Amino acid sequence: MQITFEQVSYTYGIKTPYEEQALKEVSFTIPRQKLVTVLGHTGSGKTTALQLIKGLIHPTSGNVNYTEGQQSVQATSKKPNKIDKQKLHDMWTKIGYVFQYPEHQLFEETVGQDIAYGPRNLKYSETDIQEIVQNALREVELDAQRFADRSPFELSGGEMRRVAIAGILAMNPRLMILDEPMAGLDPLSKRNLLARLYTLHKQNQWTTVCVSHHIDELWQYTDLFLIFHNKQVVFQGTKERLLAEWQQGNTLIEPPMLVKLAMELIRKGKITTALSELHNVLESESK
Amino acid sequence: MLKTAYIQAHQVVFYYGEGVTSAIEDVSLSIEKGTHIVILGANGSGKSTLARHFNALLAPKSGNIQVGAYDTSVPEHIWSIRKAVGMVFQNPENQIVAATVEDDIVFGMENLGLSREVMQARLEKVLAMFDLESLRKKEPYQLSGGQKQRVAIAGVIAMEPDVIIFDEATSMLDYEGRREVQSSIKTLLQEQTATVIRITHDMEEAVDCDRIYVMHQGRVVLQGSPSEVFQSDHSIDSYHLELPFAIRMNKELNMFEDMTLTFDELVMQLCK
Ligand SMILES: Nc1ncnc2c1ncn2[C@@H]1O[C@H](COP(=O)(O)OP(=O)(O)O)[C@@H](O)[C@H]1O
Ligand SMILES: Nc1ncnc2c1ncn2[C@@H]1O[C@H](COP(=O)(O)OP(=O)(O)O)[C@@H](O)[C@H]1O
């Protein structure tokens, strides 16, 4: 799936005393099958943009364009006609949204039931549902035999997180939104989960949008960066372009540790390497 | 400087429910007043459970915990302990109780019986400290996760407890936000000689403290200064931890003898 924002603005609580603009005429593209890492300070508008993508809220002005296979459709501030409404609904159901701390949203008695919840709502047959649950558990590397009948509340933090993600996999998303997917996990669980998500991204040919404050960990997996600042997008581009920005002294965002180190050594006149030469080192360091 | 033990845990055992396995297994430790403590360990290793014992949210099944002159198992002491030991949790959703940011911060202080003037002064101080002035009249639902986390931290700091426990309280904050909290912790240590106990998964945060405790399956398996703990690196992996950046680089470059714990130390060594 591909998403394009054209001059999208969003304001919360319009015509109330709490009116607050959260996005100002933002334009960007999330190309299909790419992994896009979204960075930016708290309050810069990231979550608002993700909610617009998922169709949880609708633009105050501007368009959000969706393309999946042969289908294209646009979300705007106006009420869509009947055909577009259906098309938009189809797009939105193909978008998986993993919220921060997704395990807080587990609620069924067993792991299996929790994962089956989505497909059951879509009225799949019981045999299909069983197969979907098995597959989803396999994809997050949890043994169905051991886990399907256990209560989700008696698992470790990392396991609960994987169950919550399995529940979203069961909906067979084409685009995955991950909001701080590693928050709260210990360093080893973090690395494992990220590697697993990346494998799934490749295998299932997802388009993936990942919000994180941890640029170091995501660096090696990222195709494109999108940086929000003050309710606008101030950078969209590749790692090479981001390195070039830092080279020029633009600190749009806190660089990875290794880049920070190189910048410090350059500043002190110890090395004269261009940051772009760090590219390969960075790829291996983050592994 | 002479320091006295303020929190003392003696052979603490704790289990939830029927207690098939213990969440805390025979933990003894002693935390001195005015020190900065970090607790590390894998998810599920017992860090939160232990921290909840320090402000009497949980009581040991066996063993005991002393906080100052109080015992956490004595019901009459609980109120005094809660006043002395403030806690900020990972999930700020359940921590903001009042209608506005300002009211929420004042709410905590009201229970302490402080005068209007003192409350007002402290309110202004923490609003400035955490860059919350522009948000003071906002309602909780208008705030992002990171903003709520800052409000929760400010609320506890305004109460000026002797001990502040941060249970992964910076997990939703961005780099700037984490740095703000870091520097406010420094201020607390200096101005109020507060004792700070932090649970974190961020190794870069962990290098900057007096003493680290590493937990594994309910036990304290490693303790010491950051350099002591991170030097015993063969066990770090099995406890789901990793080495801080400066130590990793130092090893990789294999250049110098001296330990480099922080980024600045690494730069200094490289520039020698
Ligand atoms: N439900 C809401 N009601 C009112 N204002 C909101 C709401 N959610 C977010 N905001 C405001 O919108 C702006 C952007 O927030 P958000 O998209 O959550 O940023 P981020 O995800 O980058 O932290 C902030 O100023 C925030 O206070
Ligand atoms: N409310 C609870 N009920 C039952 N078991 C719990 C509860 N909270 C934690 N546990 C269990 O106790 C152990 C220690 O958990 P916890 O203290 O939360 O670890 P940590 O903070 O290191 O992630 C884990 O096995 C966890 O599953």
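## Contacts along chain A

Two residues are in contact here when they have heavy atoms within 4.5 Å of each other. Keep that in mind for this predicted model: among the contacts of chain A that link residues at least 6 apart in sequence, 65% join residues at least 24 apart.

## Overall build of chain A

Let's turn to the fold as a whole. Chain A contains 11 helices and 10 strands. Its radius of gyration is 20 Å, close to the 19 Å from the globule rule for 287 residues, so chain A is as compact as a globular protein of that length.

Of the 287 residues in chain A, 53% are buried. The chain exposes about 13600 Å², with 47% of that supplied by carbon and sulfur atoms.

## A look at T200(B)

Now for one residue in chain B. T200(B) sits in the loop between β8 (195–199) and α7 (203–206). Is this threonine buried or exposed? T200(B) has a relative accessibility of 6%, and because buried means under 20%, T200(B) counts as buried.

The side chain of T200(B) has two polar partners to inspect. One of its polar atoms lies 2.9 Å from the backbone nitrogen of D202(B), and a polar contact of 3.3 Å links it to the side chain of E205(B). Beyond its neighbours within four places in sequence, T200(B) is in contact with V38(B), I39(B), L40(B) and, once again, E205(B).

Note on methods: Residues are numbered from 1 along each chain as its sequence is written. Chains are lettered from A and ligands numbered from 1 in the order in which they are written. This is a predicted model: local features need pLDDT of at least 70, side-chain atom pairs count only at pLDDT 80 or more; totals for chains, interfaces and linings use all residues. Side-chain values use heavy atoms; hydrogens and water are left out. Helices (H or I, at least four residues) and strands (E, at least two) are DSSP runs, numbered from the N terminus. The radius of gyration is taken over C-alpha atoms; the globule rule is 2.2 Å times the number of residues to the power 0.38. Buried means under 20% relative accessible area, exposed over 50%, partly exposed in between (1.4 Å probe, protein chains only). Accessible areas come from the Shrake-Rupley method with a 1.4 Å probe; for residues, only the protein chains shown count as cover. A polar contact is a pair of N or O atoms within 3.5 Å; within protein, one must be able to donate a hydrogen and the other to accept it, and residues adjacent in sequence count only if both atoms are side-chain atoms.
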